[in-house]
Amino acid sequence: MPPDPLFATDALTVRYGGVLANDRVTLTVDRGEIVGLIGPNGAGKTTLVDAVSGFAPATGAVTLAGRRLDGAGPHRRRAAGLARTWQAGELFTDLTVAQNLAVAIERPGWRTVVGDVFGRRRPDADGIQAALEMLGLGDAADRRPTELSLGQQKLVGVARALVGGTAMLLLDEPAAGLDTHESGQFGAELRRIAATGVGVLLIDHDMTLVLDVCDRVYVLDFGKVIASGPPAAIRDDPAVIAAYLGSAVAE
Amino acid sequence: MGEFLQFVFLGLSTGAVYAVLASSLVGVYAATGIVNFAQGSIALWAVWAVAALRADGTLVLPVGSVGLGSGPMDRVPAVAIGVASAVVWALLAHLLVFRPLRRAPVLGQVVASVGLMIFLQALVTLRFDTTSLQALPLLPAKVLTFAGAHVNVSDLVLAGAAVAVAALLWAYFRFTRPGIATRAGAEDERAARLMGLSPDRLAAVVWAITGGVCGLVAVLAAPTIGLDPTSYTFYVVPALAAALVGRLASIGLACAAGLLLGSFQTVILWLGTKSWWPGWAQAGLGDALPFVVVIVALFLLGGRIPSRGEVTETRLAAVTIPRLRPAPVALVLAAATAATLLTSGAWRFGVVTSAILTLLAMSLVLLTGYLGQISLATMAFAGTAGFALSKLTTSAHVPFPFSILISAMVATAVGVVVGIPALRIRGAQLAVVTLAAAIAVQSFVFSNPALTPFEGNLIRDPSLFGLSLAVRSGTDLTTARFALTVLVIVALLTLAVARLMAGATGRGFLAVRSNERAAAAAGINVAATKLLGFGLSAFLAGIGGCLIGYSRGQLSDASFTVLAGLTLLAMAYVGGITSVSGAIIAGLIGPLGVLYTFLTQTVEAGRYYQLIAAGGLLVTAVLNPLGLAGTTGHHARAWLSRRRRPPEAPPPGAAAPTGTEPAGTVPTSPEPSHAA
Amino acid sequence: MTPPPAALEISGLSAGYNGVPAVRDLSISVAQGEVLALLGPNGAGKTTTLLAAVGLLPALRGSVVALGTPLRGRRVERTARAGVSLVPAGRGVFHQLTVAENLRLARRRGGADLDETLGHFPPLRPLLGRRCGLLSGGEQQMLALAKALLAGPRVLLVDELSLGLAPLAVRGLLPTIRALADERRMAVVLVEQHLDLALSVADRAVVLHHGRVALAGRAAELRERRDLVEAAYFGHTDPASPFEPSGSAP
Ligand SMILES: Nc1ncnc2c1ncn2[C@@H]1O[C@H](COP(=O)(O)OP(=O)(O)O)[C@@H](O)[C@H]1O
Ligand SMILES: Nc1ncnc2c1ncn2[C@@H]1O[C@H](COP(=O)(O)OP(=O)(O)O)[C@@H](O)[C@H]1O
Ligand SMILES: [Mg+2]
Ligand SMILES: [Mg+2]
C-alpha cells in the first residue's frame with residue numbers, strides 16, 4: 001500500500017442552488033509535488049479551493065497529513081498548514097507588503113495583546129524578507145499593495161501564503177497578470193518551493209507554465225474531473241482538447 | 001382580542017412612517033451607498049412647513065420667510081409645498097454634503113449624515129413656532145369596526161400609502177433602466193462612468209423621490225401622531241432597524257418590518273398598562289425592541305464571512321502605523337502635566353475632561369479606526385461602567401481601584417455582547433445596530449426608574465491607601481490630586497493602546513478591517529478578533545466612564561446620552577480616527593473639554609458651543625474626509641514622497657523589469673475592489 | 001491614398017499618481033480599423049496609459065484626442081458616450097447586478113446586436129439570470145468584454161484581454177476582435193501579457209518600459225524579431241533597431 005498522500009479530497013461536492021459547482025471531486029497531492037488543476041471558465045476550480053479552505057459549504061472529506069479538516073473554520077485550516085491565494089489578489093490594502101506577510105505569522109489574540117503592551121516582540125523580519133526575495137519582491141517590502149501592478153499583487157498573495165507554517169499551497173491563477181518571462185521565473189520559484197516538501201495545487205490558464213512545472217494534472221469540467229495524469233498525456237487527451245485547450249498546445 | 005387588534009391598527013400610522021422612511025433609506029443606500037441618518041429630519045421640516053402654511057400661509061425658509069396669501073392655506077397646496085420643501089432639502093443634501101463625500105470613508109459619510117440630522121433638527125427648533133403650531137387634520141376621520149376593534153380609516157390609508165411607495169421604489173430599481181443604472185453607479189462609480197452613465201444625476205433622482213415620499217407620509221401622519229420638534233428625527237432609528245431586517249437591500253422587507261414595528265410598539269404600550277406586566281419592563285421596552293428585532297433578523301439571515309460576490313472592502317480612513325518616539329511622548333506628557341498643575345477650577349476641570357475624552361476617543365481609534373467597526377455605542381459602554389461604579393461604591397463599598405476595574409469589566413461584557421452583531425454585518429449597517437444598542441441601553445437601563453433611582457446614581461469619592469483622591473475638596477472644584485490621578489490613568493492606557501496599534505495586534509486589526517475573507521485565509525480568527533476589539537474598546541470606554549463618574553460625583557441618564565455618543569464619534573472622526581494625535585485633538589475639542597472651557601471662560605460664547613460644534617463638524621467632514629490629523633499627515637507624506645522620488649526615470653536597463661522606484665503615497669481611499 | 005484619420009491620438013503624454021509620472025512623454029496614435037498591441041513588463045505604465053486615454057487620469061503634460069475631440073476637461077461619461085470603451089483589468093462588471101442587467105446597461109443605440117454578441121461568448125448564455133458577483137473570474141472577464149462590444153464602440157481599449165480566460169475562450173476571441181476592427185473600422189488598443197497572442201492579432205505593437213516607449217513597430221515584423229521584443233522588456237533600446245523608436249503611425 002502506498003503511503004498516505006499529504007493532501008486529499010474525497011468526493012468533495014459543492015452545490016449552489018441548482019448549480020452543481022463541484023461534483024464528487026477526488027484528488028491527491030503528495031509532499032513536494034506540484035499538481036495542476038485546469039478547466040474551462042466556470043468549471044469549478046475556484047469553488048474547489050473555496051471548499052477545501054473552508055469558504056464554501058461542501059460535503060465530502062478534506063485531509064491534510066492524515067488529519068480531517070472538513071468542518072473546521074478557515075482560520076483553523078490555515079493554522080493546520082493549508083494555505084491558499086485568491087484569484088483577485090485580496091491583499092490587505094492598509095498594510096505594506098511586508099506587513100501583509102507579518103499578519104499571517106502573528107495572528108491577533110490575547111497573547112499578542114499582552115505581548116504588544118508588555119513585551120518587545122518583533123515580526124520575523126528575516127523570514128518575511130526571505131519569502132519576498134524568493135518571489136522577486138524584495139524591493140516591494142515597504143510599498144502598499146495598491147501601488148503594485150496586478151502581477152506583483154498576485155505574487156504578494158503567494159508570499160503571504162508561504163509564511164506562517166505552510167504544508168500545502170493552493171494557488172488560484174497566480175500567474176494571470178504575469179508576462180511570459182515573469183511566468184517562467186515563477187515556475188522556477190514554484191519548483192524551489194515544492195523542493196522544500198510543500199505540496200502545491202496550481203490552477204492556471206498559462207499552459208506553458210502548467211505543463212512545464214506540474215508533476216500531474218487534473219482537468220475539471222462542469223464540476224467533474226474529466227481527466228488526470230502526467231502533463232504529456234493531458235496535452236494530447238482529446239476530451240481535454242475539446243473542452244479546454246481548443247487545439248493541441250504548440251511547444 | 002378586539003382591544004389587541006385595536007392597538008395593532010393604531011400602530012399602523014407610526015408604522016407607515018417607519019415603513020416609508022425604511023424604504024427610502026434602502027433606496028438611498030442602493031443609489032449612493034450612504035446610510036442617511038437625516039432622512040427623518042428632512043421629513044420633519046416638511047411637517048412643520050405644512051403646519052406653518054396652514055396656520056397663516058407663511059412659507060418658512062431657513063433664513064427669513066415669505067407670506068403666501070393672507071390667512072391659512074388650503075390643504076392641497078400646503079401639502080404640495082411642504083413635500084416640495086423636503087425634495088429641496090434632499091437635493092441640497094446630495095449636492096452639498098454627500099456628493100463631495102462620495103469617495104470619502106464610510107465613517108465620514110455616517111458622521112456627515114448624523115451632522116446633517118442634528119443640523120436640520122436644530123434649524124426646525126429655531127425657525128418654527130414650536131409652541132403654538134398644530135398639525136391640522138388632512139385625512140378623513142372615518143372609523144370602521146372590524147372584529148370588535150375600532151379602526152381609523154386614516155391609519156389604513158397611511159399603511160396603504162406605505163405599501164404603494166415601497167412597491168413603486170422596488171419596481172423602479174428592479175425594472176427600469178435608470179433604476180438599474182443607479183444601482184450600478186452606487187457599486188462602482190468609475191465603471192459606471194466608463195459606460196457613459198452619470199451616477200450623480202441618477203442618484204439625484206432617488207434623493208428627490210425619497211425626500212418627497214418621506215415628507216408626504218410624515219405630513220399625512222402628523223395629525224395622528226402629533227407635532228413635536230424632535231419626533232421624526234429619531235423615527236429614523238426604528239426605521240433604520242426595519243431597513244436592516246432586509247440588510248438595507250430589500251425594500252419589501254424594510255416596509256413590512258416598519259409596519260410591524262409600529263404595531264408592536266403600540267401593543268407593548270398597551271401591555272404596559274396591565275397589572276401583570278412586570279415593573280422593570282414598563283419603560284424603554286418599545287425603544288429596545290428595534291435592537292432586539294435587528295439582532296434576531298441578522299442571526300437568522302446573516303453569514304459570518306462575506307461570501308463570494310459580496311463587496312468585501314469598504315472605504316476607510318488611511319492609517320499610518322504609529323512609531324512611539326520618546327521625545328514627542330515626553331513633550332505631550334509634560335504639557336498635560338503642566339496644564340493640570342498650572343490651572344485650577346473650571347479650567348482644570350476642562351483639562352481633566354479633555355483627558356478623559358481622549359481616552360474615550362482612543363477606544364474609538366482602536367475599534368473604529370483600526371478594526372474598522374463603526375460603533376455609536378461607546379458612550380453606552382462608558383455609561384454602563386459609570387452606573388456599575390455607582391452601585392459598587394455605594395452598595396457594595398468596593399474600594400478604588402478595584403471599583404473602577406470591576407466596572408470596566410462589566411462594560412467589557414456589554415461591549416462583547418454589542419459586538420456580536422458585528423460578526424455578521426459591517427460598515428454603515430453596523431453603525432445602525434450599535435446606535436440601536438445605545439438607545440436600548442439608554443432607555444432600558446439608564447432611564448428606567450426601576451433600575452435607576454430618581455435622585456441619580458451617587459458615586460463615593462475614591463481614595464487610595466487612606467489618601468483621598470476626591471475631585472472636590474472644600475472650595476477647590478478640581479483637586480490636583482484627582483486631576484493627576486486621571487492623567488496617570490489616561491496616559492498609561494493611551495501608551496498601552498499605542499503599543500497595541502504599533503504591534504501585532506494592530507496589524508491584525510488592520511488586516512481584518514481591510515479584508516475579512518483574506519484575514520480568515522491568513523489564519524486570523526475573525527470573529528474572535530472582532531470580539532476582542534469590542535471588549536478592549538469597551539474596557540477603555542468603561543474606565544473613561546468611571547473617571548467621568550468620579551469627576552461628577554453622581555450620574556444621571558443625561559450623562560451618557562446617545563447624542564453624546566454621536567458627538568464623541570464625530571469629534572474622534574474630525575480629529576482623526578486612526579491616530580493617537582487624532583484622539584488627543586478629539587479630547588481637546590470635545591464637549592466640556594478645553595475648547596468648551598475656552599468658549600465659556602474667555603469669550604463667554606458657551607451657548608454657541610453646540611452650534612459651533614455641529615457646523616464645524618459638517619464643514620470639516622466635507623472638507624477633510626480623512627480627519628484633521630489624517631489630512632495633515634497625508635499632505636506631509638505626499639510632499640515627502642515627491643521630494644524623495646527623482647523626477648527623471650532611471651536610465652534604461654538600469655533596473656529590473658519589476659518596478660523599483662521608491663514608494664509614492666497610497667491613494668487616500670482605495671477603490672472598492674471585488675472578489676471573483 | 002491618404003492615411004486613415006487617427007481615432008486616438010496621444011501626444012507627449014505624461015501621466016501618473018500623486019504628481020509623479022508613471023508614463024513620460026508618450027506619443028501613440030491608432031487609426032480606425034487598426035489594432036495596436038500595448039506591451040511591456042508589469043509596472044511599465046500600460047494601465048496608466050489606458051486610464052489617461054479615456055480621461056480617468058488627468059494628463060500631467062501632453063494631450064489626448066479621441067475621435068477628434070480633446071479630452072482635457074471633458075467628463076469621462078461623455079467620452080464614453082461618444083464611443084470610447086475601456087475594459088479595465090479585472091473589474092469591468094457590476095457585482096450586485098445580474099448578467100442580464102449588466103448587458104442591458106451596456107446596450108446603446110447604434111450598438112451591436114445582443115444575440116450576435118452573446119454568440120462570441122457562448123458560456124454566458126445560461127448565466128443571464130445569475131448575480132455577477134457569483135460568476136467565476138473568467139466568466140466575469142467574458143461579460144466585461146461582451147459589455148464593451150455591445151456598446152458598439154469606435155475606440156476599444158482592453159486592459160489584459162486574456163486575464164483569467166481559458167485557452168479555448170481566448171482562441172475564439174481573437175478573431176472576433178480582428179473582425180470588428182476590419183468590418184466596423186473599430187480602433188483597438190490591446191494590453192496583453194501573452195506576446196504571441198497580442199502579436200498575432202495586432203497591426204502594430206508598442207513596448208513600454210518604465211513609462212517610455214522602448215520599441216515600436218509592425219506586429220508582423222516584431223513576430224520575426226522576438227529577441228528585440230524581449231530585450232525591450234528589459235529596457236534595452238537597441239540603437240541599431242530597424243524600427244522607428246517613436247510610436248507614431250507606421
Ligand atoms: N454562490 C453561487 N451561486 C451560484 N452559482 C455560483 C456560486 N458561486 C459560484 N457559482 C458558479 O459556479 C461555477 C463555478 O465557478 P468557479 O469555481 O469560480 O469557476 P472557475 O473554474 O472558473 O474558477 C460558475 O459558473 C459560477 O457562476
Ligand atoms: N494607484 C497608484 N498609486 C501609485 N502608484 C501607482 C498606482 N498605480 C500604479 N502605480 C505605479 O505606476 C507604475 C505603472 O503602473 P501600471 O500602469 O499599472 O503598469 P502596467 O499596467 O504596465 O503593469 C508602476 O510603477 C506602479 O507601481
Ligand atoms: Mg476561478
Ligand atoms: Mg496593468
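A: Here is a short tour, taken topic by topic.
This is a predicted model, in which local features need pLDDT of at least 70 and side-chain atom pairs count only at pLDDT 80 or more, while totals for chains, interfaces and linings use all residues. Residues are numbered from 1 along each chain as its sequence is written, chains are lettered from A and ligands numbered from 1 in the order in which they are written, and side-chain values use heavy atoms, with hydrogens and water left out.

Q: How is chain A divided?
A: Chain A has domain 1 (1-81 + 167-251) and domain 2 (91-165), with bounds that come from an automatic or database domain assignment.

Q: And what area is buried between domain 1 and domain 2 of chain A?
A: About 1200 Å², of which carbon and sulfur atoms give 63%; buried area here is the accessible area (1.4 Å probe) that two parts lose on being put together, summed over both. Across that boundary, 15 residues of domain 1 of chain A are in contact with 14 residues of domain 2 of chain A, contact meaning heavy atoms within 4.5 Å.

Q: What is the strand order of the open sheet in chain A?
A: The six strands are ordered β6-β7-β8-β3-β9-β10 in chain A, and the pairing is mixed. Strands (E, at least two residues) and helices (H or I, at least four) are DSSP runs, numbered from the N terminus, and two strands pair if DSSP finds at least two bridges between them. In chain A, β7 (residues 168-172) and β8 (residues 199-203) run parallel and are joined by five bridges, with L170(A) having L201(A) as its bridge partner in β8(A).

Q: Switching to chain C, which strands stand at the edges of its sheet?
A: The open sheet of chain C has the order β6-β7-β8-β3-β9-β10. Its edges are β6 (84-87) and β10 (212-218) of chain C, each of which has a single partner strand, so one side of each is left without a neighbour in the sheet.

Q: Last topic: which residues have the most contacts inside the largest nonpolar core?
A: They are F186(A), L202(A) and F37(B), in a core of 264 residues. A nonpolar core is a set of buried Ala, Val, Leu, Ile, Met, Phe, Trp, Tyr and Cys residues joined through side-chain atoms within 4.5 Å, where buried means under 20% relative accessible area (1.4 Å probe, protein chains only). Helix α1 (residues 2-32) of chain B gives the most to this core, with 14 residues.

Definitions and conventions:
Buried < 20%, exposed > 50% of the residue type's maximum accessible area, 1.4 Å probe, protein only.
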